Each structure stands twice: as structure tokens, then as C-alpha cells.
Amino acid sequence: LLSPPHPALSPLGRGRIKPSRSPEGRGRIKKEVTVAKRLILVFAFLIMPGFVLAAEPSSKEVEKRIGELEKRVEDIERGEAKHGTLVEELKGHVETISRELEMVDYRTSRIKAMQERVDALTIGGGLSLFLQGVTNNGRGGDSADGSYSADLFFQAPIGRYGNVFIRGMAGQGSGAPIVPVTFSGPNADLEFDDNTFKIVEAWYWTEFDVPDILDRRFELTVGKMTPAAIFDANAVANNELAQFMADIFVNNLAVETGGDGNGYGPGVAVGYRFTSIYNKGLNVKGSIGLFEGDGDFVGVFDRPFAIAELDIWRPSYGLNGNYRFYAWLNNTKHSDLLTPADDELSNKGIGMSLDQQISNDVTLFARAGFQDKDIEAFDSSFSAGAQMLGNKWRRGGDMTGVAYGFSRVSKAYEEANLATDFASGEHYIEAYYRYKANSNLSISPDVQYVVNPGGDKSADALFIYALRMQVDF
């Protein structure tokens, strides 16, 4: 009834019988179509309720599944409530890391400004307060003294690749007097005992494209600076405001840099990256620097300090490793320890500075240096230690460190001071804990222990304690 009538074959199969076009035939066909329509309506009317009834179980199934999902959401919410403390602590770790990236001291800003173009103009600074005391002090009893330093820095992008960096500081306090004098000072922050604000750094850094397929880079830094800002760096033993305090763990004792009494002066340094900037698995860079020997801007390069360094950065399984090797020459006038009249000597030496992560929280470091044995009290120095972040005890912003150092007495110094009973050298131990109170404030208790201070075997061991407060903004 639903299909149009098919033409029927004739009995002989030689032709087709055409449908009748008579009035009677047309009426019969119209009547058949009307009947077919009525049958379709009746059929639809009869089966429609069946479809509706068949749909009801599907709706119930959907409602059932919605109920199950709601129950699972409730379970998840109860689980979050149960472990809410842990979730909050994890959030705290993430926030701490974010603050560490945003809130940096002048050293971190300076390092960044010497490695890549900074994003925007930045003004910041810090206030460092120290209380440091000594027991078994040779001057006649225990003593404790205070000191402070205040830094203000400015950095800004200049041109397509360059940065300018300017830092001024003031400070007061000479620290706890130590008798006998040690090879390593106990507080590397004691730069100026003067309330006068001084510009100690003012330099420009830029890099140039080297036109080759690997896109290597050539760097230039020029201005007033300290060689320690570029050379002998270390990831965990290079910042007396946040890491170790003693001189031997901040820089290599067996490197006599040029500049004024605190190492600042005019200079120029150039660097060349041997590997492509697109190589994320290896970075090899060579640098050379030339700095004024006495830092007074007079006869700038008459008797300079020169240094050359090779830096290798190589990550392994996501853990960073930095390996630095250098040689240096200080052309300022030095006297021979045994023949003081011979005062036209130069000091020279070699050294290395290494740091290697062994986990996401623990980083090891080591330094070693050798210098002229005829003109210095100690001819070599070695230090090694470790730093650990506080994630293990749920204090991601905290860190702690421990280190050991040794400075060997030179033979010429022994012979020049026969009245002193010398040991092989001075042993130095330091440990600190840095407590991150908030995004701006950190507090660090610090202890140091010195055996054979100044290499003197007869001198009592020194116990040095300190409390450091650092405010960055």
C-alpha cells in the first residue's frame, strides 16, 4: 500500500501492461491511497504509546547515573575536607616558590641582569642586620657585636639586548673582633663601616648575535663592578645574605681579586657562548675579565687583575650541574715573604667552583684554589658542603646548609714567622638555618667553628655564633 504500483509483466514476457487510464481505474487507485493513509494513522496511534513507555526506563537510568555522580562528588568533597591540611601545605609550597621567584635580593637580580635581558625596570633593595659573637676569644673573654648593611639597586632594560644595573649601599659595624686573626673572616657582609651611602656598582651588560647557524652569543659587561659578580660563582655558596656567611664559603679565598678593599672598581668582561642558545641540554661559555688593581680609577689598567674562566652547565635527569674552571693574575705590587725588598712580584693562581643537584632539594658544592706560595700566608684553599631545602619537613621556603673549609699554611709564611707553632692549616666549619618568616623577611641562626685559627696550632679553637635578619623589598 505504501509503494507505487509496479508495472506487471505480460503473460508472454514480451512487454509490459500499462496501468489503466480509464475513469474507473483512476477512482480505484485514489480510493486505495486514502485507505492506506488511514491505516498509517491507525498504526502510528497504536505504537506511539509503546515508544513513550519504552523511553521511561531510559530516563530512570539517567536519573540513577546522576545520583551516582552526585554521590561520587560528595565522596570527593569529603576526601578534600579530610586531606585539607595537606592540600593547604602543598598550596603553601607553590606560593613560597612563586614568592621566591618574585622577591629576590640584589645578588639574584644582578646575576639575572648579567645573563639575559631583564623584562622591565626594577627598583629593590634589602636591609641586613647581624648579631655575631665569639667564645674563647683571645682578646679576653666572650664578646658579641652588631652590624648592618642597607642596599638599594636599580636595573632596567636598555636597547634590544642590554641591561643597566646600579647599586648603592651603606653599612656600619666591624663585627666581632677575633684574636688570633683567622684566614677567613666570619662575616662576608662587613664591607663598609660607614653610614655614608656609596655607589658600589654601576655597569652595563649587553649581548650580540654571532651570525652563524647555531646562533651563538657574544657578551660584554663594562663599568664599576666586582670580579666576584661574574667569576667564581656558585649556586649555593655565593650569597652571605641568604646562604653561608664566612668568607671561605662565599668566594674562593685563594683568589686575590682587584679593586678597592671590598673588591669594587672599574673593569670590563667579555664572554662567548660556544653552544647554541637553543641547546637546552648543554651550555659552554668562556669569559675573560680585566679589572683595575686598586679600584681608584687612576691608571686604570696599569697593573690590572685579569681572569679567564670556562663555565659548563649540564643538567642530568632534570638536576642542574655547574662546573667552573679559571686562572687569574693580579699585577699589583707584592712582596716576597722571605725577602721583603723584592716588592715587584705578582700573585697568580688557578681555581674551580662546582655545584651539583643530587635531588630536587639537595645541592652539593665544592671549591678549590691555589695561589703563589712565596707571597701569601696560605697557598691553597678548599671548601665543600651541601644545601637542603625544607620540603621534607613541610617548610618549602626554608633551607639549611653545612660546609667545611681548609686553608693550608704556605712554607714561606712558616719560615717568615718561626716564633709561631704552625699546624698544616686552618679548619673551618659552618652551619646555618634560614627560616622564611614571610615573603620579605628571613631569619637565620648561624654557627661557625674554627680549629687552628690563622694556622696557629697553639691557639684555642673558636666558636662563633650569629643571628642574621634579612629584609628584601
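Predicted model: local features only at pLDDT ≥ 70, side-chain atom pairs only at ≥ 80, totals over all residues.
Leaving aside its neighbours within four places in sequence, which residues is Gln155 in contact with?

The list for Gln155 is Ser109, Ala113, Val118, Ala120, Leu121, Thr122, Val164 and Phe165. Gln155 itself sits in strand E4, which covers residues 143-158. Is Gln155 buried or exposed? Its relative accessibility is 5%, and the cut-off for buried is under 20%, so Gln155 counts as buried.

Phe165 belongs to strand E5, residues 162-172, and Trp203 to strand E6, residues 194-209, so the pair ties together parts that are 38 residues apart in sequence. Both Phe165 and Trp203 are buried. Elsewhere, Phe244, Phe249, Phe365, Tyr428 and Tyr432 are linked into a cluster by ring pairs.

Empty space is found by rolling a probe the size of a water molecule over the atoms. I will take the second largest pocket, which holds about 1000 Å³ of space. It is lined by 41 residues, and those closest to its centre are Asp247, Asn251, Thr257, Gly261 and Asn262. Which elements each supply at least two residues of this lining? They are helix H3 (106-113), helix H4 (247-250) and strand E10 (305-313). H3 gives the largest share, three residues. Sorted by class, the lining of this pocket has 18 nonpolar, 14 polar and nine charged residues.

Last, the chain as a whole. How many helices and strands does the protein chain have? It has five helices and 18 strands. Of its 473 residues, 41% are buried. The chain exposes about 25700 Å², and carbon and sulfur atoms supply 61% of that area. Among contacts with a separation of 6 or more, 62% are between residues 24 or more positions apart.

Methods
Residues numbered from 1 in each chain as written. Heavy atoms only, no water. Helix = DSSP H or I, 4+ residues; strand = E, 2+ residues; numbered from the N terminus. Buried < 20%, exposed > 50% of the residue type's maximum accessible area, 1.4 Å probe, protein only. Contact = heavy atoms within 4.5 Å. Areas by Shrake-Rupley, 256 points an atom, 1.4 Å probe, with all protein chains shown as cover. 1 Å grid on protein atoms, 1.4 Å probe; cavity = no way out; pocket = protein on both sides within 12 Å on 5 of 7 lines; lining within 4 Å. Points joined across faces, edges and corners; volume = space filled by probe spheres on them. Nonpolar A, V, L, I, M, F, W, Y, C, P; charged D, E, K, R; others polar. Phe/Tyr/Trp six-rings, centres within 6.5 Å; stacked < 30°, edge-to-face > 60°.
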